[in-house]
Amino acid sequence: FRTIIFTFTPIYANNHSLMHKFIIVLIFLLSCISLKAQTFIRDSVQETKKEPSWILKYRNKPAYYILRSSVPLFLSSAVSLTVDEQIRKTRNVHLSDFSNQFDNYLQYAPMVAMFGMKAAGLKSRSNWGEMLTADVLSAATMAGIVNGLKYTVKRKRPDNSKRNSFPSGHTATAFMAANLLYKEYADLSPWVGISAYSAASLVAIGRMLNNRHWMSDVLAGAGIGLLSSELGYFLSDIIFKKKYIKDVLGIPTDYTTIPSYFEYTLGYSCVFPHELSINGCLVSTYGGINTGISGSYHWQSGFGIGGTTTIMSANLTNHQGIVGNATLAIGPSYTKLLLPRLFLENYLYCGYTELLYNQERTHSGFGIQLGTSVLGQLTPTMGMRAYADYAYTTLPFFETGKRLNYLNLGIAVSALF
């Protein structure tokens, strides 16, 4: 995968049943990757419409390949500025005691793996001199950008410890290392990319769970890490007079084959009903956030099957804390090609749902999620999806006598396969 923004939705530590269901859905989604990989190459070379000439014009420029993965992350970072505070509040209410230093070590794992595989004699893209040159250039670029921004922006960390929060250096290091490993060993196995980017994404999640960074910090850090590694290889190829490899995966792609995806989602939620009563106290719900992971496997007929695990969180007035909803669902979907690179998907998911109030699970029940989305394919293995869906649940919404419903609008960064 060029980029996989993979996240574990904030799961409540005292909710083992929800975690078990999450793992089942996750295993199902990952199993689809292996099935899709068997048919990807064959489907990719089918005769279909060609891309518009203006797209082909830009695709032939090195700048396109250098920027195509990082720019969407920079845009996502800018958008997430609007929900940074809400995400921190959700973390502080439900995971305030979380503390684990795994992210301090995991950030280097892809780099260690790359050097280990090279030392073991596994064939890679570059020889030792070329690889080390690309690594040094990438690390120097990444360090310069990260430290330059940290001490220019001087953003306060969410734990109020220092004013060097933006961007996340750990995340930048992790994604730089993941992309270096991917560029060297992508042809060895698709699991090289899956493992590398999953490790990098866990680092990003760890920085937020440890209350060291805002979400916009880690998204920007991921973009800087990818940009630095692409620049490192571009400059190394110039030094060694080597042709720049624009696409590591040497698979013909016409951007009309319906892709399957695995993604991280983030959006805005409008909760219904707005007015409710808790223990006799009249309160209102603010607009909330929804975040999670989703995936869908599609056949070329357009039909598919997908699943999602998401959490919705909204503030309450009168200092009543946070109300939330956790969902694990699965169901059918249908995708149609609109234009090369642009796909329309409709889906209907059904599954298990819970009503959460501060740190307590108050009710569990059944939920239905009906939605539509538009996926833009940026590269053979990366896309961005804009979605809108409506969720109806059987959950009694406190003392209103009504059921919890909410409307979700959001974006997703998708790993395509």
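This is a predicted model: local features need pLDDT of at least 70, side-chain atom pairs count only at pLDDT 80 or more; totals for chains, interfaces and linings use all residues.
## Confidence of the model

Across the protein the mean pLDDT is 81, and 82% of the residues reach 70 or more.

## The nonpolar cores

The largest nonpolar core is made up of 38 residues, and Met114, Leu181 and Met215 are those with the most contacts inside it. At least two residues of this core come from each of helix 7 (109–119), helix 8 (128–153), helix 9 (169–185), helix 10 (190–209), helix 11 (215–239) and strand 1 (261–272). Helix 9 gives the largest share, with 10 residues. In soluble globular proteins, nonpolar side chains tend to be buried together.

Leu181 shows what such a position looks like in detail: leaving aside residues up to four places away in sequence, Leu181 touches Pro110, Ala113, Met114, Met117, Ala186, Val192 and Ala196.

## Helix 9

Helix 9 contains 17 residues and spans 24 Å from its first C-alpha to its last, which is close to the 24 Å expected at 1.5 Å a residue. This helix is mostly covered, with 17 of its 17 residues buried.

## A buried serine in a loop

Ser124 lies in the loop that runs between helix 7 and helix 8. With a relative accessible area of 15%, Ser124 counts as buried, because the cut-off for that term is under 20%. The side chain of Ser124 reaches the backbone oxygen of Ser126 at 3.0 Å. When residues up to four places away in sequence are not counted, Ser124 touches Lys118, Glu184 and Tyr185.

## The hairpin of strands 2 and 3

Strand 2, covering residues 275–278, and strand 3, covering residues 281–284, pair in the antiparallel sense over 4 bridges. Within this pairing, Leu276 has Val283 of strand 3 as its bridge partner. The two strands form a hairpin with 2 residues between them, and in the turn Asn279 has a positive phi of about 55°.

Terms used:
Residues are numbered from 1 along each chain as its sequence is written. Side-chain values use heavy atoms; hydrogens and water are left out. A nonpolar core is a set of buried Ala, Val, Leu, Ile, Met, Phe, Trp, Tyr and Cys residues joined through side-chain atoms within 4.5 Å. Buried means under 20% relative accessible area, exposed over 50%, partly exposed in between (1.4 Å probe, protein chains only). Contact means heavy atoms within 4.5 Å. Two strands pair if DSSP finds at least two bridges between them. pLDDT is the predictor's confidence in each residue, from 0 to 100. A polar contact is a pair of N or O atoms within 3.5 Å; within protein, one must be able to donate a hydrogen and the other to accept it, and residues adjacent in sequence count only if both atoms are side-chain atoms. The expected span of a helix is 1.5 Å times one less than its number of residues.
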